[in-house]
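Trainee: Before we start, I would like each label in this model tied to the rule behind it.
Mentor: Then ask about the labels one at a time.

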Amino acid sequence: MAAVTTSAERSLNKLAIVGVLIVTIIFLAPIYWIASTAFKPRNLATTIPPTVVFQPEISPFVKLFTKRSQLRTAPTPEQYAAAPWWERLVFDGGEKVVRSGRGEVQWSGYPSRFMNSLIVAITSTILAVGMGTFTAYGFSRFKIKGEQDLLFFILSTRMLPPVVVAIPMFLMYRAVGLNDTHWGLIILYTAFNLSFSVWLMKGFMDEIPKEYEEAALVDGYTRMEAFFKIVLPEAATGIAATAVFCFITAWNEYAFALIMTNRRAQTAPPFIPSQVGSGLSDWTVIAAGTFLFLLPVAIFTFLLRNHLLRGMSFGAIRK
Amino acid sequence: MATAVMTTLDPKSRSAARGMSDLTIRNLFIIPTIVFLIVFNIFPLLYSLGYSFTDFRASSAAPATFVGLQNYRELLNDPFIWSNFAITAKYVIVSVVGQVIVGFGVALLLNRDIPLKGLLTTLLLLPMMLSMAVVGLFWKLLYDPSFGIINYTLGLGSFEWLSNPDMALYAVAITDIWMWSPFVMLLSLAGLSAVPKHLYEAAAIDRAGSFYTFFRITLPLVAPILMIAIIFRTMEAFKTFDLAYILTSQPTTEVISIRLYKMAFQEWQTGRSCALAYIVLIMILAITNIYVKYLNKVKER
């Protein structure tokens, strides 16, 4: 009897392994496809049948960062020989790098959008996690009248659909000149992430035994000293995990950025899709931009893997 | 939820004399956050509540005129708005049901003795961490009727996904299912691994069939966590904007957020859009309320 069950179990398990592998391949195929398109020569990006095996190229990334125009006439051999390696790659693709009157290479719109994304995401993360940590400690350690209602209030601000909040914010920002500025987005993202950071950090704070601080208080520490010297170091992992979640949310955000920015402070999510034109768009360059943009999040996902469950459920489910 | 008792300091103790009182610290830690959220979330909503009773247009210099409940009355009697809600409801149902089936299914597979389980789980979780806007963009490449790999792999020839009014909403939902099934999977896995092993052993001794074991042991015990996943995804799918907006511009995919966006920022009917925003807001708050009640119930166990 027992032997039969185990062999049945074993074959079931083998089936499950095959199933998981198939599902993993299907789930990763879209990501693989966009990543591989970022390294394709332009003429292989949209072939029928799709090109799977090819000689990887770096030229989409060169094109991503530079402003280019169509070559009317082929470059002379001298021009070609004088050009640096990356400019030759652009020549090979039938385009030339646009230079200013003084011969400086003109950048495309991508690097500044990427920088804007970094500035906005990092600043709003620091603010949201900073304030969130203090508030979470307050909720975790002190008696607060109507604590549940306050926590519900904090959570509900996060649940508002971005477009609903964006309409009045747009009008208010227009009145005070915050439209299309970094600070405009930073404030919105901080508000958005703050509620998340309070909820998540409260979970982490609840797990730190309050006897630690009590011992410190008895030893003559003030409450503040105990908070900074005992609680914060204990909460370091939680703070780091919360920060990464906030960063990813701000980094990925689209609707606010679409509505509130158009050029100077525009972040990458509204910019990258705007590069897709009709038919003529160079998918290798779009894929390169997408690849660079997704890379930090992919790395963070691996770093966060043990906290994903808690983070994605607002700290509701812990393990 | 654990209620932490405030540690009271002996007022004559050294630390009490040197430092701030706990009450001050509590206020210092909590009030700024509450104020920040009120200023940047609640105040704007009050501001738009005011505009929702006017015919204000942000694109014109004309001052707002008070029109009372006219915006609300017109919106609630507008069949086009109701069709936007119907599209949203269809989208929510298709994508959440899809996510539960795929996500829970994969969780059941992963809940066995799988080599490299940790790595595979992390890889499977990748889609939900990505930017919806950018995901929408590259699924456009995948869905392309002439050179997209989806048509090629499935042998569909030049099947139109996104420019076909009957298919576009499903195409958006499929992308959403790809992105968010991992979320349901993640929560289901947590639920599944919490089911006590001895229950299965007892069922095996009683020679219970796998069908019976699944419906009488696994499902009831995972249900609370699965329910959290479902409510959470319902809320998010109801708010969906990025994916549908980027993937297609078919009228059949105009979910309520897109209608709201167009009304506010393309047609510049600011007053009317504020009223619609309030209608949406009330629906969202209702779902959030259910969600939080449920969370607290699950947490208490």
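Predicted model: local features only at pLDDT ≥ 70, side-chain atom pairs only at ≥ 80, totals over all residues.

Mentor: Residues are numbered from 1 along each chain as its sequence is written, chains are lettered from A and ligands numbered from 1 in the order in which they are written, and side-chain values use heavy atoms, with hydrogens and water left out.

Trainee: Where is Ser273(B), and what does Ser273(B) touch?
Mentor: Ser273(B) sits in helix α13 of chain B; helices are DSSP runs of H or I with at least four residues, strands are runs of E with at least two, and both are numbered from the N terminus. Contact means heavy atoms within 4.5 Å. Not counting residues up to four places away in sequence, Ser273(B) touches Ile167(A), Leu260(B), Met263(B) and Ala264(B).

Trainee: How do you know whether Met172(A) is buried or exposed?
Mentor: The relative accessible area of Met172(A) is 18%, so Met172(A) counts as buried. Met172(A) belongs to helix α8 (residues 162–176) of chain A. Leaving aside neighbours within four places in sequence, Met172(A) is in contact with Phe43(B), Pro44(B) and Tyr47(B).

Trainee: What makes the bond between Ile48(A) and Pro49(A) stand out?
Mentor: The peptide bond joining Ile48(A) and Pro49(A) is cis, with omega about -5 degrees. Pro49(A) is in the loop between α2 (42–45) and α3 (59–65) of chain A.

Trainee: How many helices and strands does chain B have?
Mentor: Chain B has 13 helices and 0 strands.

Trainee: How do you know what span to expect of α2 in chain B?
Mentor: The expected span is 1.5 Å times one less than the number of residues. Helix α2 (residues 22–51) of chain B has 30 residues and reaches 42 Å from its first C-alpha to its last, close to the 44 Å expected.

Trainee: Where does α2(B) bend?
Mentor: α2(B) bends by about 35 degrees at Ile38(B), where the bend is the angle between axes fitted to the seven residues ending there and the seven starting there.

Trainee: What does the radius of gyration of chain B say against the globule rule?
Mentor: The radius is taken over C-alpha atoms, and the rule is 2.2 Å times the number of residues to the power 0.38. A compact globule of 301 residues would have a value near 19 Å, but chain B has 25 Å. The C-alpha atoms of chain B fill a box of roughly 85 × 75 × 35 Å along the principal axes. Buried residues make up 52% of the 301 residues in chain B.

Trainee: How is chain B divided into domains?
Mentor: Chain B has domain 1 (14–51) and domain 2 (70–300); such bounds come from an automatic or database domain assignment. The C-alpha centres of domain 1 and domain 2 of chain B lie 35 Å apart. In chain B, 5 residues of domain 1 are in contact with 6 residues of domain 2.

Trainee: Which residues of chain B does UniProt annotate as "transmembrane region"?
Mentor: The unreviewed UniProt entry lists 28–47, 91–111, 118–139, 167–192, 213–232 and 275–292 of chain B. UniProt positions are given in the numbering used here, feature names are shortened, and annotations may be inferred rather than shown by experiment. In the model, residues 28–47 of chain B are 100% helix and 0% strand, with end C-alpha atoms 28 Å apart.

Key. Buried < 20%, exposed > 50% of the residue type's maximum accessible area, 1.4 Å probe, protein only.
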